[in-house]
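Open the model in a viewer and follow the stops below in order. Each stop says what to select and what is there.

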Amino acid sequence: MASELCPPYAPFFGFAGVASAMIFSTVGAAFGTAKAGIGIAGLGTFKPELIMKASVPVVMAGIIAVYGLVVSVLIVGNLNPSNYSLAAGFIHLGAGISCGTTGIAAGYAIGHVGDSFVRAYVHEQRVFVAMILILIFAEVLGLYGLIVALLMNTRATGLVDCN
Amino acid sequence: MSGQAVAATASEQAASRAALMKLLFFAATLAFLPISSYFFTEKYIWSGNSLYAAITAICAANLVLVAYIILSLMEDQQSFKEAEERKLPDSKKQR
């Protein structure tokens, strides 16, 4: 029973979950930062005093990467080379993928929304509140993936005793 | 006229340096605060429960974001007041 439920290749899936949480959420955050940065560069040539307010999409994209980092650190804390079941490995892989790919979705939305709103901010200053609102809606997409990852991770401990 | 122009650029430089310092401070805070709060609260506050520590780290990251938005809004109100104060003496001179 021990070797069937706890094969030696089980930690592979756990570490793949850690890596995918960090990699995919960073891809989303990088896209959001780059796309919003293009818009801020356009705004900076006309109204440099608005750059501080217009950098809010960049900060929000950074938080997407922080979500991936926290999930990675959380899963790594529960990894164990011995006494690690295959089910726990799959759960950790699912947690990492859910946090990472929702981070890609959130970063994609933040990038496009940030770019368009920052370009509009040059002409009309009252779009700032609308920009914050829509960016918050884009950010909670990454938050949902984080919540699912946290829920899955709590199920992974104490599943199967390998000894 | 040239003296006023020099003074204007010096204050602009000071303002841009202050804005840069603020941005650097928020970047460093966003990089260090969540992960350090995760490890700190896991060890000392939640006594090993990593789920609560992760939730604490996420709350810390979102707090940094809210602080940034509030600070940028306050700075905008301040610069608006300064622009109004600068307009008043100019209109008096034109008489």
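This is a predicted model: local features need pLDDT of at least 70, side-chain atom pairs count only at pLDDT 80 or more; totals for chains, interfaces and linings use all residues.

Select A:G32 and show its surroundings: leaving out residues up to four places away in sequence, A:G32 touches A:A61, A:G107 and A:G111. Contact here means heavy atoms within 4.5 Å. A:G32 lies in helix α2 (residues 10-46) of chain A; helices (H or I, at least four residues) and strands (E, at least two) are DSSP runs, numbered from the N terminus. With 0% relative accessibility, A:G32 counts as buried. Buried means under 20% relative accessible area, exposed over 50%, and partly exposed in between (1.4 Å probe, protein chains only).

Residues are numbered from 1 along each chain as its sequence is written, chains are lettered from A and ligands numbered from 1 in the order in which they are written, and side-chain values use heavy atoms, with hydrogens and water left out.

Next, colour whole helices in chain A. Take α2(A) with helix α5 (residues 86-121) of chain A: they pack at an angle of about 0°, with their axes 7 Å apart. Axes are lines fitted to C-alpha atoms, for helices over the stretch in contact, and angles run from 0 to 180 degrees between N-to-C directions. α2(A) and α5(A) are therefore roughly parallel to each other. Angles under 35 degrees count as roughly parallel, over 145 as roughly antiparallel, 65 to 115 as roughly perpendicular and the rest as oblique. The contact of α2(A) with α5(A) has 19 nonpolar, 16 polar and three charged residues. In these classes, Ala, Val, Leu, Ile, Met, Phe, Trp, Tyr, Cys and Pro count as nonpolar, Asp, Glu, Lys and Arg as charged, and the others, Gly among them, as polar.

Among the residues making the contact are A:M60, A:I64 and A:Y67 of α4(A) and A:F128, A:L135 and A:L146 of α6(A). The contact of α4(A) with α6(A) divides into 18 nonpolar, three polar and one charged.

Stay on A:F128 and select A:K53, whose charged end sits over the ring of A:F128, 4.3 Å from its centre. A charge sits over a ring if NZ of Lys or CZ of Arg is within 6 Å of the ring centre and within 35 degrees of the ring normal.

Finally, go to chain B, which has two helices and zero strands. Of its 95 residues, 22% are buried. Select B:S47 in the loop between α1 (2-44) and α2 (50-93) of chain B. B:S47 counts as exposed, at 67% relative accessibility.
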